[in-house]
Amino acid sequence: MSDVVIRKAVQKDCKSMLALIKELAEYEKALHEVTVTLDQFTEDGFGPSPVWGAFVAEINGEIVGISLYYDRYSTWKGRRLYLEDLVVTERMRGMQIGKKLFDATLEHGKLNDYSGMVFQVLNWNEPAINFYKKYSTKFDNEWLNVSIELKD
């Protein structure tokens, strides 16, 4: 296997990134919930007011993993980096690609003076939970996730 290259995402990566997001949604049995279009996804990341950033893992020109993040603000802690998705395509898991992406995202947070990084993990996703436990993570059993859909 060739070396894995971790780099900042660029606009031409969006189609491959969205495919990985859909792969993750399928794994989570929620593919039907992915409603963002490629055009919207691209605009949101590379338009005049980008709301997300990402790192990609590339092998021989193929994107095999992503770490997508955005800014969050805590009135208690200040600027926080929110990790929305960390995805490695199934056939490439177990090769330390997720670790490289996660580490690049942590480093980005440190270099840009964020006070910390937050993210969610499904309570049944044991491989992901075990991965995150290798870091100095704190799991919160107190807060509930809440959302309101603003579009039909």
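How many of the 152 residues of the chain count as buried? The share is 38%, where buried means under 20% relative accessible area, exposed means over 50%, and partly exposed lies in between (1.4 Å probe, protein chains only). The model is a predicted one, so local features need pLDDT of at least 70 and side-chain atom pairs count only at pLDDT 80 or more, while totals for chains, interfaces and linings use all residues. Residues are numbered from 1 along each chain as its sequence is written, and side-chain values use heavy atoms, with hydrogens and water left out.

Now for the overall layout. The chain has 4 helices and 5 strands, taken as DSSP runs numbered from the N terminus (helices: H or I, at least four residues; strands: E, at least two). Going along the sequence, these follow the pattern β-α-α-β-β-β-α-β-α. The C-alpha trace spans about 45 × 40 × 35 Å along its principal axes. A compact globule with 152 residues would have a radius of gyration near 15 Å, and the chain agrees, at 15 Å; this radius is taken over C-alpha atoms, and the globule rule is 2.2 Å times the number of residues to the power 0.38.

Charged contacts come next. The whole structure holds 5 salt bridges, each one a side-chain nitrogen of Lys or Arg within 4 Å of a carboxyl oxygen of Asp or Glu. Another bridge pairs E62 with R91, at 2.5 Å from N to O. E62 belongs to strand 3 (residues 62-74) and R91 to the loop between strand 4 (78-88) and helix 3 (97-111), so parts 29 residues apart in sequence are tied together here. E62 is partly exposed at 36%, whereas R91 is exposed at 53%. Through shared partners, R7, D13 and E58 end up in one network of salt bridges.

Then there are the rings. The structure holds 12 aromatic pairs, counted when the ring centres of Phe, Tyr and Trp (its six-membered ring) lie within 6.5 Å; planes under 30 degrees apart are stacked, over 60 edge-to-face, and the rest tilted. Y27 and W124 make a tilted pair, because their centres are 5.7 Å apart and their planes stand at 45°. The two come from distant parts of the chain, 97 residues apart: Y27 from helix 1 (residues 14-27), W124 from the loop between strand 5 and helix 4. Y27 is partly exposed at 32%, and so is W124 at 40%. F131 and Y132, by contrast, form an edge-to-face pair, with 5.3 Å centre to centre and 70° between the planes. F131 is buried at 17%, and Y132 is buried at 7%.

What do Y27, L122 and W124 form on the surface? They make up a nonpolar patch with about 270 Å² of accessible area together. Patch members have over 30% relative accessible area and no salt bridge, with like charges joined within 9 Å and nonpolar side chains (Val, Leu, Ile, Met, Phe, Trp, Tyr) within 5 Å. The areas come from the Shrake-Rupley method with a 1.4 Å probe, and for residues only the protein chains shown count as cover.
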